Amino acid sequence: MKKSKNIIAGAMLSLGAAFSFSEVQAQTCVMPPSCEELGYKQTEADCKGLDVVLKCPTDMSKMACLGSSVSQDVSVGAILYGDGTLSSEPISDKQPIGVVFDVINRLALALTDVKEDGSAGREVMRWSSKDCDTPNLDNCRDSSTIAISCGLDGRANTDAILATNGGCGGTTYAANAVNAYSPSGCSANFCQKGKWFLPSMRDLINIYINQKTINTMLTLLSSKGASLFIDSGQYNADAYWSSNEAGDNIAWKMTIQNGNSIEGDFKDDYFNNYVRPVIKF
């Protein structure tokens with residue numbers, strides 16, 4: 001594992017011997033720029049686990065994170081840790097928080113499902129308590145294109161749902177659950193409460209496609225509290241809510257019935273509908 005490097009940037013002003021006293025007197029004194037003005041706007045917690053960190057020369061508590069959060073190639077099935085680093089195998093003294101399922105968009109799913117209060121665990125829940133067309137959320141009506149051209153960004157979808165409580169003034173159970181989630185092993189800013197979101201259908205399909213690799217890693221992490229994503233061997237087994245809706249009363253979910261089934265369901269239905277948070281790293 002590549003160790004983090006702390007690079008302390010400093011600035012020195014030297015006066016050449018050729019300057020006379022009168023020349024020095026003629027210079028204008030100005031207030032030096034603050035750390036924030038120089039770009040040092042982050043803290044040690046924000047930069048934890050990164051490769052390159054610059055510290056402000058006048059206030060070492062102010063930093064600029066310039067490095068990547070991972071020092072190795074990203075691959076599906078890689079373990080994401082709470083400090084932002086990755087590994088292909090479990091590391092005993094590090095706390096995992098997720099497993100990578102999308103390399104291009106740098107997304108990982110949580111180790112477990114979540115309950116309505118945001119705590120880790122399995123609990124069926126509704127998408128929302130009322131039927132309403134959510135403002136600023138695309139209506140994805142065609143299941144054949146939902147993963148390639150409609151509502152692809154789960155983060156943006158979740159933000160739209162949270163902004164208006166689904167547009168109805170009711171309770172958006174699934175979005176609220178992921179928004180309240182924060183794994184115990186998170187030590188960096190990127191995975192704190194409010195950073196996790198409800199996956200889009202594109203995300204759920206990518207998770208399903210890579211299910212075997214993901215579940216293999218989740219099995220290895222079972223001692224850390226990880227649980228499998230859907231048992232595809234069951235008929236009419238568990239379903240997972242997405243952050244996509246079809247209209248005022250229907251939201252999209254993935255149901256595993258010996259294969260991948262994309263289905264619309266009433267938003268206030270909770271039968272077999274679970275939630276698994278996703279994070280961007």
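Mentor: Rings of Phe, Tyr and Trp (its six-membered ring) pair if their centres lie within 6.5 Å; planes under 30 degrees apart count as stacked, over 60 as edge-to-face and the rest as tilted. The structure holds three aromatic pairs. Please note that this is a predicted model, in which local features need pLDDT of at least 70 and side-chain atom pairs count only at pLDDT 80 or more, while totals for chains, interfaces and linings use all residues. Residues are numbered from 1 along each chain as its sequence is written, and side-chain values use heavy atoms, with hydrogens and water left out.

Trainee: How do you know whether Tyr240 is buried or exposed?
Mentor: Buried means under 20% relative accessible area, exposed over 50%, and partly exposed in between (1.4 Å probe, protein chains only). Tyr240 has a relative accessible area of 0%, so Tyr240 is buried. Phe229, at 1%, counts as buried too.

Trainee: Why is the pair of Tyr240 and Tyr274 called tilted?
Mentor: The planes of Tyr240 and Tyr274 stand at 45°, with 6.4 Å centre to centre. Phe229, Tyr240 and Tyr274 form one aromatic cluster.

Trainee: What makes Arg122 a charge over the ring of Tyr274?
Mentor: A charge sits over a ring if NZ of Lys or CZ of Arg is within 6 Å of the ring centre and within 35 degrees of the ring normal. Arg122 lies over the face of Tyr274 at 3.9 Å from the ring centre. The charged end of Lys94 likewise sits over the ring of Tyr81, 5.2 Å from its centre.

Trainee: How do you know that β8 is covered on both faces?
Mentor: Ala239, Trp241, Ser243 and Glu245 on one side, and Tyr240, Ser242 and Asn244 on the other, are all buried. Seven of the seven residues of β8 are thus buried.

Trainee: What makes β8 and β11 a pair of strands?
Mentor: Two strands pair if DSSP finds at least two bridges between them. β8 and β11 have two bridges, in the parallel sense, and Ala239 stands opposite Asn273 in β11. Elsewhere, an open sheet of five strands has the order β5-β4-β6-β7-β12, with antiparallel pairing. Its edge strands are β5 (86–87) and β12 (278–280), each of which pairs on one side only.

Trainee: Why is the link between Cys140 and Cys150 called a disulfide, and what is its handedness?
Mentor: A disulfide is a pair of cysteine sulfur atoms within 2.5 Å. The sulfur atoms of Cys140 and Cys150 are 2.0 Å apart, and the torsion about their S-S bond is about -90°, so the disulfide is left-handed. Both Cys140 and Cys150 are buried. The whole structure holds two disulfides. The other joins Cys186 to Cys191, also with 2.0 Å from S to S; at 100° about the S-S bond, the link of Cys186 and Cys191 is right-handed.

Trainee: What confidence does the model carry?
Mentor: pLDDT is the predictor's confidence in each residue, from 0 to 100. The chain averages 81, and 77% of the residues score at least 70. Over residues 1–28, however, pLDDT stays under 50.

Key:
Helices (H or I, at least four residues) and strands (E, at least two) are DSSP runs, numbered from the N terminus. Contact means heavy atoms within 4.5 Å.
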